[in-house]
There are 2 protein chains.
Amino acid sequence: MSDHQHIVSSFDRDLETIQAHIMKMGGMVERAISDAARSLETRDDELAEEVRGRDKAIDALEEQINEEAARVLALRSPAARDLRVVLTVIKISASLERIGDYAKNMAKRTSVLSQMAAVNGSPSALRRMAREVEEMLKDVLDAYIQRDMDLAHEVIRRDLDVDQMYNAIFREFLTFMMEDPRNITPCMHLHFIAKNTERMGDLVTSIAEQVIYLVSGQFPDDPRPKSDTTSVDPSLAPKGSH
Amino acid sequence: MSDHQHIVSSFDRDLETIQAHIMKMGGMVERAISDAARSLETRDDELAEEVRGRDKAIDALEEQINEEAARVLALRSPAARDLRVVLTVIKISASLERIGDYAKNMAKRTSVLSQMAAVNGSPSALRRMAREVEEMLKDVLDAYIQRDMDLAHEVIRRDLDVDQMYNAIFREFLTFMMEDPRNITPCMHLHFIAKNTERMGDLVTSIAEQVIYLVSGQFPDDPRPKSDTTSVDPSLAPKGSH
């Protein structure tokens, strides 16, 4: 019995360490999104460069979490719910790593964009979108630590707002480009950023799904409503072919 | 001793099943890429619709592989190299699922694009790029099954060709859009497809990295050379601001 308790508590201690690393990684990714969006809005090349530099630490932390998870699997051989916890950690850290990559890519484009004429209003629209994703990420990490299914569901619902913001920005860029060909190159880059931010929202959503799986043992029923309607919205077709 | 052999061979049998599912999934994803690119080139809405419909089966297979991997971890508690094999399976199936998603998105845009004026030559350039990615995927799956590090390294190297194809297409689209505003909307969609194809190449590369990790226990030394230079190439800046 005391042996068993010993094993359980070692497992719990291992898990706590890994979860602390997930939270640390989450904080770094939140900061990357926020700084990347700010560097874009204020044309701050130095801050953009910083974001790019810091991505290595995020990648390293994912690798560390993977190693820790593998170690726990090898040493403790968890089953059932405990196994689910460890597998969830692998999935969540992979999603965080990809969100970090998107933030890094946003920062990369900041450097290119700061050499071009500004496109009115776009950076602040993009920053609002990024801020919403950042808030969602903060909430999904809370939902993860507190095993809060309701909050996870709310995060999934909020991804629809991000998708709507993206769709509005996409249309706006098309208009800008048609109005003035000088807007074409900057808008292509800005559009990248918008699309990547929308993808960050999708990744936060998939973390929320992992939280729901972790707590309930099942993925959410409703396939989450999709999302970027620019690929299916017929109203975008006539616009381009007139 | 016979007990040990029994356990080992059960584990091997489980692994064989999972690997067969990985290969099946890989085949489905290859076909999705190929059909999506063909539907784009020939403006075949029906084929595009098929690709979209088949993505559910790919997603379901990933889920099944995850469950099988979790079951093996729980029942067999593999350690060291065996554990690496199981963890690799989880990563590779996740990458395949994402490549499938990109193929589905390509097929979605086919439906929108077939309502617009064609942009000369672009679909065939995109199809060449997609074909290269499809070949890389085929080879990386061979490398996986044969535990062939050299082939995995070759796949990583070939991703540079895909990146160059993408960069060429990106520049071409900018030119088309500046020449004629009617090209703007279709080029935005085509550019999505190009970027997603480039990302498929990145995902194939990360499968190749998993193969190298699986065989050698280490990830490849050289951080793989990046890639999409449109975000850092200063020659793209003046173009847009003149």
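**Figure 1. The start and end of helix α2 in chain B.** At the start of α2(B), a side-chain oxygen of B:Asp44 comes to within 3.2 Å of the backbone nitrogen of B:Glu46. The model shown here and in the other views is predicted. Helix α2 of chain B covers residues 45-76, which is 32 residues. At 1.5 Å a residue, these should span 46 Å. The end C-alpha atoms are 47 Å apart, which agrees with that expectation. After α2(B) comes B:Ser77. The phi of B:Ser77 is positive, near 40 degrees.

**Figure 2. Chain A and its helices.** Chain A holds 7 helices and 0 strands. Read from the N terminus, its elements run α-α-α-α-α-α-α. The chain has 242 residues, and 55% of them count as buried. Take the contacts in chain A with a separation of 6 or more: residues 24 or more positions apart account for 84% of them.

**Figure 3. The two annotated spans of chain A.** An unreviewed UniProt entry lists "domain: PhoU" for residues 22-110 and 126-211 of chain A. Residues 22-110 are 94% helix and 0% strand. The end C-alpha atoms of this span lie 28 Å apart. Residues 126-211 are 93% helix and 0% strand. Here the end C-alpha atoms lie 27 Å apart.

**Figure 4. The axis that relates chains A and B.** Two copies of a chain are related by a rotation about an axis and a shift along it. Chain A superposes on chain B by a rotation of 180 degrees, with 0.0 Å of shift along the axis. The RMSD is 0.0 Å. This is therefore the relation of a two-fold axis. Which C-alpha of chain A is nearest the axis? That of A:Ser77, 2.7 Å from it. Both copies use the same surface: 100% of the contact residues of chain A recur in chain B.

Figure 5. A:Asp35 and A:Arg38 form a salt bridge, with their closest N and O atoms 3.3 Å apart. Both residues sit in helix α1 (residues 2-42) of chain A. They are 3 residues apart, so about one helical turn separates them. A:Arg38 is partly exposed, at 34%.

Figure 6. The side chains of B:Glu41 and B:Arg127 meet in a salt bridge, 2.6 Å from N to O. This pair links distant parts of the chain. B:Glu41 belongs to helix α1 (residues 2-42) of chain B, and B:Arg127 to helix α4 (residues 122-146) of chain B. The two are 86 residues apart. B:Glu41 is partly exposed, with a relative accessible area of 31%. B:Arg127 has 19% relative accessibility, so it counts as buried; the cut-off for buried is under 20%.

Figure 7. B:Glu198 and B:Lys195 join their side chains in a salt bridge, 3.0 Å from N to O. Both lie in helix α6 (residues 184-216) of chain B. They are 3 residues apart, about one turn of the helix. B:Glu198 counts as buried, at 1% relative accessibility. B:Lys195 is buried too, with a relative accessible area of 8%. In chain A, salt bridges that share partners form one network. Its members are A:Arg31, A:Asp35, A:Arg38, A:Glu50 and A:Arg54. Over all chains, the salt bridges number 30.

**Figure 8. The surroundings of B:His189.** B:His189 has its place in helix α6 of chain B. At 0% relative accessibility, B:His189 counts as buried. What is B:His189 in contact with, leaving aside its neighbours within four places in sequence? From chain A come A:Phe170 and A:Thr230. From chain B come B:Arg109, B:Val112, B:Leu113 and B:Met116.

**Figure 9. B:Leu174 and B:Val51.** B:Leu174 lies in helix α5 (residues 149-179) of chain B. B:Leu174 counts as buried, at 1% relative accessibility. B:Val51 is 123 residues from B:Leu174 along the chain. The C-alpha atoms of these two residues are separated by 29 Å.

Conventions. Residues are numbered from 1 along each chain as its sequence is written. Chains are lettered from A and ligands numbered from 1 in the order in which they are written. This is a predicted model: local features need pLDDT of at least 70, side-chain atom pairs count only at pLDDT 80 or more; totals for chains, interfaces and linings use all residues. Side-chain values use heavy atoms; hydrogens and water are left out. Helices (H or I, at least four residues) and strands (E, at least two) are DSSP runs, numbered from the N terminus. The expected span of a helix is 1.5 Å times one less than its number of residues. A polar contact is a pair of N or O atoms within 3.5 Å; within protein, one must be able to donate a hydrogen and the other to accept it, and residues adjacent in sequence count only if both atoms are side-chain atoms. UniProt positions are given in the numbering used here, feature names are shortened, and annotations may be inferred rather than shown by experiment. Copies are superposed by least squares on the C-alpha atoms of residues with pLDDT of at least 70 in both. Contact means heavy atoms within 4.5 Å. A salt bridge is a side-chain nitrogen of Lys or Arg within 4 Å of a carboxyl oxygen of Asp or Glu. Buried means under 20% relative accessible area, exposed over 50%, partly exposed in between (1.4 Å probe, protein chains only).
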